[in-house]
Amino acid sequence: MNRNTVISIAKGIAIILMVIAHAEAPGALNAFIFEFHMPLFFITAGYFFSLKYLNDEATFVKKRIKGLYVPFVKWSVFFLAIHNLMFKIGILNETYGNEMGGVTHPYSWHNIQQNLWTIVTSMAGYDAFLCGAFWFFRGLFVASILYLIIYKVMDITIKADRYKKYIPYLVCVILLILCGWKTYEGLKIITLVQGGYRDLMGCFFFGCGFIFRQWVEQYNKLTHNDGVKLALSVVFGVIVYLFSHYLIANMNWRSTYTQFLSLPVPALLGFLMTYNISMLIDKKDTWIKRFLVYTGDHTLNIFIFHIISYKVVSLIKIWYYGLDFKQIGCHMVIHEHSQEDMFWILYTIAGVGIPLLGTWAVEKLKTRGRSSRSSSESPHQ
């Protein structure tokens with residue numbers, strides 16, 4: 001059976017959009033991307049959720065730990081270990097920081113120990129200026145396990161089989177109610193860093209992905225014509241743009257009640273737009289398809305390394321404009337001239353390309369290593 005690569009392509013598009021947004025692309029483009037690119041990751045994750053885990057919770061949790069918690073801890077600790085080194089070599093400094101003027105500082109031994117504890121126990125405490133996107137690991141980890149728990153409870157509670165088919169919709173409604181209550185009253189889940197809004201909304205979108213999977217065949221039949229796919233993508237894109245212009249929302253952990261109300265529609269339509277485009281790309285075996293599939297299959301590596309990869313382009317920008325070298329410490333990219341020049345394109349190429357190039361090189365080395373071991377273990381003729 002041939003592999004269905006549409007979702008991989010969609011994930012590839014989503015991670016590229018994230019890198020563009022973090023590269024401080026022009027304002028209108030950034031606002032458009034932020035309306036849906038992070039929900040898209042939760043939706044595509046929920047797409048692969050299976051009801052078999054209702055009776056095999058341990059396997060699901062183990063997969064989440066292996067796929068999200070372990071890489072989060074590993075790379076958070078790595079960047080924690082090199083944080084002060086980054087100050088010594090000039091990658092980080094106390095002069096330049098984020099757009100709001102905030103800067104980072106060298107860690108004391110106590111800071112290092114506390115961050116280590118926070119990384120392990122709360123999936124937080126990561127280096128904000130080198131690992132700014134790491135909240136996603138915790139968000140998806142919590143969202144996916146929470147979805148399993150809520151679904152399991154409702155499956156046990158609802159005895160009649162004829163009503164069980166409504167459980168996915170009820171779960172999403174419950175999560176929307178909880179998010180609405182939380183944002184309206186300004187409440188926080190004190191056991192979750194940043195208050196839990198991203199985690200709850202992530203769980204809602206995770207559930208939307210699972211629901212979409214139930215209807216995907218009907219949706220594909222409805223949009224079997226390429227012209228229909230393209231037309232719908234344009235309509236969905238226009239609606240998302242209008243939201244980004246008049247009802248701005250994203251998965252900001254400090255979202256207001258109005259922003260919460262504004263998020264689901266453009267997020268879901270943005271996913272459908274991306275899915276339609278992915279289906280069109282998937283039709284022919286082109287280099288674009290192969291690149292996006294490979295990118296979508298290695299999104300975590302781009303999450304981990306895109307910010308540090310930006311520094312290569314920051315060096316070029318410093319040279320080009322004659323800027324203070326310390327501006328390499330800007331988070332995530334150099335802010336000066338960012339809305340005037342086209343450096344966001346170079347940042348995007350580096351943010352996607354360098355992690356993928358590193359991934360490809362590591363895979364080649366591993367393959368060569370396995371081949372060498374196989375050759376050495378084979379009997380001499």
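## Salt bridges, pockets and a nonpolar patch

Lys317 and Asp341 are both buried, where buried means under 20% relative accessible area, exposed over 50% and partly exposed in between, with a 1.4 Å probe and protein chains only. Before going on: this is a predicted model, with local features needing pLDDT of at least 70 and side-chain atom pairs counted only at pLDDT 80 or more, while totals for chains, interfaces and linings use all residues. Residues are numbered from 1 along each chain as its sequence is written, and side-chain values use heavy atoms, leaving out hydrogens and water.

Lys317 and Asp341 form a salt bridge whose closest N and O atoms are 3.4 Å apart; the term covers a side-chain nitrogen of Lys or Arg within 4 Å of a carboxyl oxygen of Asp or Glu. The pair links distant parts of the chain, with Lys317 in helix α14 and Asp341 in the loop between α14 and α15, 24 residues apart. Helices here are DSSP runs (H or I, at least four residues), and strands are too (E, at least two), numbered from the N terminus.

The structure holds eight salt bridges. One of them joins the side chains of Asp199 and Arg138 at 3.9 Å, N to O. Asp199 sits in helix α9 (residues 197–222) and Arg138 in helix α6, so this pair ties together parts that are 61 residues apart in sequence. Asp199 and Arg138 are also buried. Another salt bridge runs between Asp282 and Lys289, with the closest N and O atoms 3.2 Å apart, and Lys289 is buried at a relative accessible area of 16%.

Now for the open spaces. The largest pocket holds about 1200 Å³ of space. On a 1 Å grid over the protein atoms alone, a pocket is an open set of points with protein on both sides within 12 Å along at least five of seven lines, whereas a cavity is a set where a 1.4 Å probe fits but cannot get out; lining residues have an atom within 4 Å of a point. Points are joined across faces, edges and corners, and a volume is the space filled by probe spheres set on them. This pocket has 36 lining residues, with Phe34, Arg198, Asn252, Arg254 and Met332 nearest its centre. The largest share of the lining, four residues, comes from α2. By class the lining has 19 nonpolar, 12 polar and five charged residues, taking Ala, Val, Leu, Ile, Met, Phe, Trp, Tyr, Cys and Pro as nonpolar, Asp, Glu, Lys and Arg as charged, and the others, Gly among them, as polar.

The second largest pocket comes in at about 460 Å³. Its lining has 22 residues, and Lys11, Ala45, Arg64, Leu68 and Leu140 are the closest to its centre. Helix α4 gives the most to this lining, with five residues.

Helices α14 and α15 each supply at least two residues of the patch. Ile354, in helix α15, is partly exposed at 36% relative accessible area.
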